[in-house]
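Dear colleague,

My notes on what was found in it follow, and I would ask you to read them with the model open beside you.

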Amino acid sequence: MREFMLRCQAIVTRIDAAKVVFRVVPQPACSSCEQGRGCGMALFEPKQTVQLTQPLARLYPQLREPMAPGQRVELAVAGEALLALCLRAYLVPLVLALLCASLLAPWGDLPAALGLALGLASGYLVNRRSILGAAAGPDLTVIPGDLPEA
């Protein structure tokens with residue numbers, strides 16, 4: 001049994017020939033917010049729903065039964081996949097920023113600062129374009145829920 005670090009509720013909104021689109025349902029930050037009293041964390045929560053698209057080829061090997069639009073599912077990400085994604089998102093730009101800044105530092109402070117900015121921007125582009133050959137995101141595990149009422 002895999003240990004899942006991150007779980008969220010979602011609704012299947014569309015199934016195409018090549019992809020599935022989920023609408024992630026925002027959940028309250030704590031039980032006080034859920035009851036309406038609030039602890040103040042609700043101010044920092046995103047209010048809008050998030051659309052998430054996953055290729056069918058990544059989902060079908062794990063699915064035991066087909067999904068239908070309107071079906072509630074639970075999306076889960078394994079702990080090691082989430083850790084790898086976080087390391088890639090934060091460590092790659094940091095290493096590139098420090099490397100570029102240290103290479104341009106012998107020419108003064110301004111080139112070092114520009115190298116820092118260049119390294120951060122290139123780290124962002126590396127993550128955005130997935131130049132490293134890693135997948136676009138972590139592998140999601142779909143746990144089927146209730147089917148929509150007909």
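**Helix 4 and its buried face**

In helix 4, the buried residues are Ala-112, Gly-115, Gly-119, Gly-123, Val-126 and Asn-127. Seen down the helix axis, these buried residues fall within an arc of 100°, so they line one face of helix 4. An α-helix has 3.6 residues a turn, so residues three or four places apart point the same way. The face turned away from the buried side carries exposed residues, namely Leu-110, Leu-114, Leu-118, Tyr-124, Arg-128 and Arg-129. Please bear in mind throughout that this is a predicted model.

Helix 4 runs over residues 109-129 and has 21 residues. From its first C-alpha to its last it reaches 30 Å, close to the 30 Å expected at 1.5 Å a residue. Helix 3 (79-104) is included in what covers the buried residues of helix 4.

**Helix 3**

The 26 residues of helix 3 should span 38 Å at 1.5 Å a residue, and its end C-alpha atoms are 37 Å apart, which agrees. Where does helix 3 have a kink? The kink, of about 30°, lies at Leu-91, shortly before the proline Pro-93. Pro-93 is buried, as are Gly-79, Leu-82, Arg-88, Val-92, Ala-97, Cys-100 and Ala-101 in helix 3.

**The largest nonpolar core**

The largest nonpolar core has 14 residues, of which Val-20, Phe-22, Met-67, Val-73, Leu-75 and Val-142 touch the most other members. At least two residues of this core come from each of strand 1 (4-15), strand 2 (19-24), helix 2 (56-59), strand 4 (72-78) and strand 5 (140-144). Which residues does Met-67 touch, not counting those up to four places away in sequence? They are Val-12, Ile-15, Val-20, Phe-22, Leu-59, Val-73 and Val-142.

Pro-66 is found in the loop between helix 2 and strand 4. Pro-66 counts as exposed because its relative accessibility is 63%, and the cut-off for exposed is over 50%. Although Pro-66 and Pro-144 are 78 residues apart in sequence, their C-alpha atoms are 9.1 Å apart in space.

**A salt bridge**

Side chains of opposite charge can pair when their charged atoms come close. The structure holds 1 salt bridge. Arg-14 forms a salt bridge with Asp-16, and the closest N and O atoms are 3.5 Å apart. Arg-14 counts as partly exposed at 41% relative accessibility, and Asp-16 counts as partly exposed at 31%.

Yours sincerely

Methods:
Residues are numbered from 1 along each chain as its sequence is written. This is a predicted model: local features need pLDDT of at least 70, side-chain atom pairs count only at pLDDT 80 or more; totals for chains, interfaces and linings use all residues. Side-chain values use heavy atoms; hydrogens and water are left out. A nonpolar core is a set of buried Ala, Val, Leu, Ile, Met, Phe, Trp, Tyr and Cys residues joined through side-chain atoms within 4.5 Å. Buried means under 20% relative accessible area, exposed over 50%, partly exposed in between (1.4 Å probe, protein chains only). Helices (H or I, at least four residues) and strands (E, at least two) are DSSP runs, numbered from the N terminus. Contact means heavy atoms within 4.5 Å. The expected span of a helix is 1.5 Å times one less than its number of residues. The arc is that of the directions from the helix axis to the C-beta atoms. The bend at a residue is the angle between axes fitted to the seven residues ending there and the seven starting there. A salt bridge is a side-chain nitrogen of Lys or Arg within 4 Å of a carboxyl oxygen of Asp or Glu.
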